[in-house]
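Please keep the sequence and the structure in view while reading.

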Amino acid sequence: MRLLISAVVGAAVGLVCTDDAAAETVSFGTDWKAEAEHGGYYQAIATGIYRQHGLEVTLRQGGPQVNHAQLLAAGRLDFNLAPNSFGPLNFTVENIPMVAVAALFQKDPSVLIAHPGQGNDSLAALKGKPIMIGSDTRITSWTFLKSKLGYTDDQIRPYTFSVAPFLVDPSAVQQGYLSSEPFTIESQGVKPVVLLLADAGYSSYGSLIQTSDKLVQEKPDLVQRFVDASVEGWYGYLYGDPRPANELIKRDNPEMTDALLAYGIAKIKQYGIVDSGDAKTNGIGAMTEARWRDFFETMANAGVYSKNLDFHKAYTLRFVNKKVGMQP
């Protein structure tokens, strides 16, 4: 069993650093609007975990018009979240000195969603069938589906980020995020078939913390404290009382409801998004060279990256695999 060493009990006053002058200011950009997938970071803020590690964290929400990767590269953020392993590798391709320092999601939450009773109960069954996907997906997980399962671009149909077309067409298939679109579809009376790409071998990490090579070299202690506190926040959010984080999430994103947040937490646990695989032995945030190599070689064979690219520059294992937040 994994237990959070600190902050399980919530915002206990004794856990919060009271010396304001000692706290270093850190800016952190997420990859979307506040949601359950950011729960661990909000938990670390709400329960004082970051402060306990000597950090005053300013969290900036992402969104459709926000590019935190660019802000990180421009030095306007200290850390940001990459939604998948493509982000750090793309920095490497462009010779931009950024690096992934932790992978808080062992599984990318990307899914394909279909109606029940249509014979679309597996990813293999969807080969050759129309699928609604967005432009970003075409250059990320779609490349995996093409290379591993034989999908073709002529299957692609436009995705408007609305489930309305899906709901009116029993044969429809669309992209989604594990804890988002399925919830909306279920609220309309349809129990969808949800197919997690990670369970079919899609080895991308998710929710990767990125920072600059400069910060890693000049302030490794700060990077370690930010990673450790984020990891502890995730243990607290999943296995403790998530209400402190949820209150902050709802404040930042009023579209979030208690029901949707509870659904998100349940799905993150059910599918092992955060705490599975290497995280079970090395702690949340774990990464390995073998996992990075598998993903890179798959994408290089698909023509996304040059096979000569030094993918090791995209990440460092220096700050993870330390079993932070775990108890034997």
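## Helix 1 and helix 10

The model described here is a predicted one. In it, the axes of helix 1 (residues 39-46) and helix 10 cross at roughly 100° and come within 7 Å. Helix 1 and helix 10 are therefore roughly perpendicular to each other.

On the helix 1 side, the contact involves G39, G40, Y41, Q43 and A44. On the helix 10 side, A229, S230, G233, W234, G236 and Y237 take part. Sorted by type, the residues of the contact of helix 1 with helix 10 are five nonpolar, six polar and no charged.

## Cover of helix 1

How many of the eight residues of helix 1 are buried? Six of the eight are buried, and helix 1 is mostly covered. These buried residues are G39, G40, Y41, Y42, Q43 and A44. Just after helix 1 comes G48, which has a positive phi of about 80°.

## Helix 2

I49 is part of helix 2 (residues 49-52). With a relative accessible area of 1%, I49 is buried, because buried means under 20%. Between the C-alpha atoms of I49 and Q188 there are 38 Å, and the two residues are 139 residues apart along the chain.

Y50 also belongs to helix 2. Is Y50 buried or exposed? Its relative accessibility is 2%, so Y50 counts as buried. Leaving aside residues up to four places away in sequence, Y50 touches Y41, A44, I45, L55, V57, F226, A229 and S230. Among these partners, Y41 and A44 are also in the contact of helix 1 with helix 10, as are A229 and S230 from the helix 10 side. From C-alpha to C-alpha, Y50 lies 9.9 Å from E24, a residue 26 places away in sequence.

## S207 in strand 10

S207 sits in strand 10 (residues 206-212). Its relative accessibility is 3%, so S207 counts as buried. Which residues does S207 touch, not counting those up to four places away in sequence? They are E37, Y41, L81, A82, P83, A102, A103, L104 and F105.

Helix 12 covers residues 258-270 and has 13 residues. Just after helix 12, G272 has a positive phi of about 65°.

The buried residues of helix 12 are L260, L261, Y263, G264, I265, K267 and I268. They pack against helix 8 (181-187), helix 10 (220-239) and helix 11 (243-252).

## Helix 11 against helix 12

The axes of helix 11 and helix 12 are 11 Å apart, at an angle of about 125°. Helix 11 and helix 12 are therefore oblique to each other. Their crossing is right-handed. Helix 11 brings N246, I249 and K250 to the contact, and helix 12 brings D258, L261 and I265. By type, the residues of this contact of helix 11 with helix 12 are three nonpolar, one polar and two charged. L261 and I265 are also among the buried residues of helix 12.

How values were computed
Residues numbered from 1 in each chain as written. Predicted model: local features only at pLDDT ≥ 70, side-chain atom pairs only at ≥ 80, totals over all residues. Heavy atoms only, no water. Helix = DSSP H or I, 4+ residues; strand = E, 2+ residues; numbered from the N terminus. Expected span 1.5 Å × (residues − 1). Buried < 20%, exposed > 50% of the residue type's maximum accessible area, 1.4 Å probe, protein only. Contact = heavy atoms within 4.5 Å. Axes fitted to C-alpha atoms, helices over the stretch in contact; angles between N-to-C directions. Parallel < 35°, antiparallel > 145°, perpendicular 65-115°, else oblique. Nonpolar A, V, L, I, M, F, W, Y, C, P; charged D, E, K, R; others polar. Left-handed = near helix turned anticlockwise from the far one by under 90°.
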